[in-house]
Amino acid sequence: MKILSIQSSVAYGHVGNSAAAFPLQRLGHEVWPVLTVHFSNHTGYGAWRGPLLAPADVAEVIAGIADRGVLGTADAVLSGYQGDPAMGAVILDAVDQVKAANPDAVYCCDPVMGDVGRGMFVRPGIPEYLRDTVVPRADIITPNQFELEFLAGRSTGTLPELLAAVDAVRATGPRHVLVTSVLHGEVPEGSLEVVAVSDEGAWAVTTPLLPISPNGGGDVTAALYLAHLRTTGSPATALERTISSVFAVLEATLAAGTRELQLVAAQDAIAEP
């Protein structure tokens, strides 16, 4: 596939495009990374350097790709953290351009807003913008459980409640939903679930809960799920392969004792989940 990925970038470590591009390339896909920021490192360190790119500059890069006459050959658009509605508008405009030229193309949105224990960590108004404007335009979304609850406006303490929340969000537009970091009453102690839902049904994978939470894991997950879903057409297979690879990356990260994802060290588990 050819994937237009509009996300942040860091020189050191792996978040945003710096987490998504390499796994996609390792699977054999062409990636066109368009950067929304270019920082020295992810913001979890508390200090970083580098520019936050203006939405107009990002739009210029996308326009330059269109000038080459190739934008319409993209099979998918992938986006992650959107810190400004103006940036979101640039992304949605790119989606429109791609889909106008290739109606079979899909838009995969990771609606980054917050997480359990941290609450919302984006600017005020961004969660509502994602819920009301961006998510309804997406074909695939990959929220965590906290984000799903906000998007659906309901709690998900049980598996039936989780599936009802997914269906409520799917009714607004996206047909494929991957919910990460799922904990409900039926999940065994020391485990978590990842749930995939489409028109065909719902599937869950249960994994051991590892004692780490490195930045960038969601970015890798969204990229891999998009790739496997588009190449296999099967949400179940995409879920299996994605979580197999992500778990292997997290295991390698834990073993290395680092806060940065060990994408390069665990690349074989990405290529052959």
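1. Rings of Phe, Tyr and Trp (its six-membered ring) are paired if their centres lie within 6.5 Å; planes under 30 degrees apart count as stacked, over 60 as edge-to-face and the rest as tilted. By this rule there are two aromatic pairs.

2. The model is predicted: local features need pLDDT of at least 70, side-chain atom pairs count only at pLDDT 80 or more, and totals for chains, interfaces and linings use all residues. Residues are numbered from 1 along each chain as its sequence is written, and side-chain values use heavy atoms, without hydrogens and water.

3. Tyr-12 and Tyr-45 form a tilted pair, 6.4 Å centre to centre with 50° between the planes. Tyr-12 lies in the loop between strand 1 and helix 1 (17-26) and Tyr-45 in the loop between strand 2 and helix 2, so the pair ties together parts 33 residues apart in sequence. Helices (H or I, at least four residues) and strands (E, at least two) are DSSP runs, numbered from the N terminus.

4. The rings of Phe-39 and Trp-48 also form a tilted pair, with centres 5.8 Å apart and planes at 35°. Phe-39 is buried at 13% relative accessibility, whereas Trp-48 is partly exposed at 39%. Buried means under 20% relative accessible area, exposed over 50%, and partly exposed in between (1.4 Å probe, protein chains only).

5. In helix 2 (residues 55-67), Val-58, Ile-62 and Ile-65 are buried. They cover an arc of only 50° around the axis (taken from the directions from the helix axis to the C-beta atoms), which puts them on the same side of helix 2. The face turned away from this buried side carries the exposed residues Ala-56, Glu-60 and Asp-67.

Key
The expected span of a helix is 1.5 Å times one less than its number of residues.
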